[in-house]
Amino acid sequence: MHLLSRERPRRRELASSDELTWRRLPFDRLSAGSWPSRRGEARRLRECSVQVIAIWALVFVCSVFPALAANRTIRTRPARLVNGAPVLFQVKAPAKLESLTGTWLGHQLTFSYNPSTKTWFTLAGVSFETTPGKYALELTGQRDATKTPWTFKQTLTVSRAKYPQIKVELTVEKKFTEPNPEQQQQIAEGVKIKEDYLNRVTPAREWDGKFTAPAEAPISDVFGSQRIFNGKAQRPHFGLDFRVPAGTPVAAMNQGTVLLARFLYFEGNCVVIDHGQGLLTLYFHLSEFKVKEGDSVKRGQEIGLSGGTGRATGPHLHVAVRWQGAYLDPARLMQLPLP
Ligand SMILES: [Zn+2]
């Protein structure tokens, strides 16, 4: 560990500036002719040739893999991409662009421009089901001056996230695990509403800055854990649970428009906020609504009160993040520093 940490700054120095490395070479002293000994001269020459080889190797690597060069085109936050996680793509184009779009894992991306950093950015994600591997991010822009297209492609690695292998055994009313025909009808209606609304993509961005916690409370269940209801295994937990008593104010995680504010069979009273760029936040089991569909909300604005409606073992707040049909880990989204 110690060896690694000592080596790191040296490598960064090499990569950050060729100029700096050149200046450290002993050529200047060669012309001054002030060598202390022949052994010292031989050592310096050896060091010098190692440095020259290192520089040429760096020049070669940077020309073959342009992404490694100092002014890389695409940056991701976090740097390591994993399944079930959101990702911020930041793009520095070589020319001024009018617009920028892209494709990633079969999804369409629409970028926003940040004039202060001269970068294009968008929030995207990697679905829980995505297998580890290499995937291409393809960009298409329109050059401002010449009105000609600019394209760029980079392969990014997706690694496997470690989600807790805890099994949560829960007991709920039978109507949730063995619904009668009338209840099945209500479930089917809920499924249709979710299909209609939860896959909608509004390309324009409404979110602005960080996503914040919807309640100040301890976490009672994390994203990705295995759920077992009345002995039957269900899909993994695709949200984050906050331990709050009924009647606790629930706040919008970011700026957006209320897409849904209605009762659904499993979700209970639920609010869904559309933040644009295909990103939605969902708030389940509420006891009361404080917003209606179509309302504009600010980050931190009260949207409802917590409760235990729908399939809940007791009062708590279930929050989910959905990006273009894929559930992402809300805790990871809240950790992301965003422009
Ligand atoms: Zn939950």
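Q: What makes Leu-105 partly exposed, and where is Leu-105 found?
A: In this predicted model, Leu-105 sits in the loop between β4 (97-104) and β5 (107-110). It has 17 C-beta neighbours inside 10 Å. A buried residue needs 20 or more, and an exposed one has 12 or fewer. The count of 17 falls in between, so Leu-105 is called partly exposed.

Q: What makes the phi of Leu-105 worth a remark?
A: Leu-105 is not a glycine, yet its phi is positive, at about 50°. Most residues other than glycine have a negative phi.

Q: Why is Gln-324 called buried?
A: Within 10 Å of Gln-324 there are 21 other C-beta atoms. The cut-off is 20 or more, so Gln-324 counts as buried. Gln-324 belongs to the loop between β22 (317-323) and β23 (326-328). Its phi is also positive, about 45°, although Gln-324 is not a glycine.

Q: How do you know that the peptide bond from Arg-77 to Pro-78 is cis?
A: Its omega is near -5°. Most peptide bonds are trans. Pro-78 is placed in the loop between β1 (74-77) and β2 (81-82).

Q: Why is α6 said to lie largely in the open?
A: Of the 17 residues of α6, the number that are buried is 0, so the helix lies largely in the open.

Q: How do you know that the reach of α6 is close to the expected value?
A: Helix α6 (residues 181-197) reaches 25 Å from its first C-alpha to its last.

Q: What makes β10 and β13 edge strands?
A: The open sheet has 3 strands in the order β10-β12-β13, with mixed pairing. β10 (167-170) and β13 (232-233) each have a single partner strand, so one side of each is left without a neighbour in the sheet.

Q: How do you know that β12 and β13 pair?
A: Strand β12 (residues 226-229) is joined to β13 by 2 bridges. Pairing requires at least two bridges, so the two strands count as paired. They run antiparallel, and Ile-228 stands opposite Ala-233 in β13.

Q: Which stretches have pLDDT below or under 50?
A: The mean pLDDT of the protein is 84, and 79% of its residues reach 70 or more. Over residues 1-36, however, pLDDT is below 50, and this stretch has 15 contacts beyond near neighbours in sequence. Residues 66-70 also stay under 50, with 6 contacts beyond four places in sequence. Where pLDDT is low, the predicted coordinates should not be read in detail.

Note on methods:
Residues are numbered from 1 along each chain as its sequence is written. This is a predicted model: local features need pLDDT of at least 70, side-chain atom pairs count only at pLDDT 80 or more; totals for chains, interfaces and linings use all residues. Helices (H or I, at least four residues) and strands (E, at least two) are DSSP runs, numbered from the N terminus. The expected span of a helix is 1.5 Å times one less than its number of residues. pLDDT is the predictor's confidence in each residue, from 0 to 100. Two residues are in contact if their C-beta atoms, placed from the backbone, lie within 7 Å.
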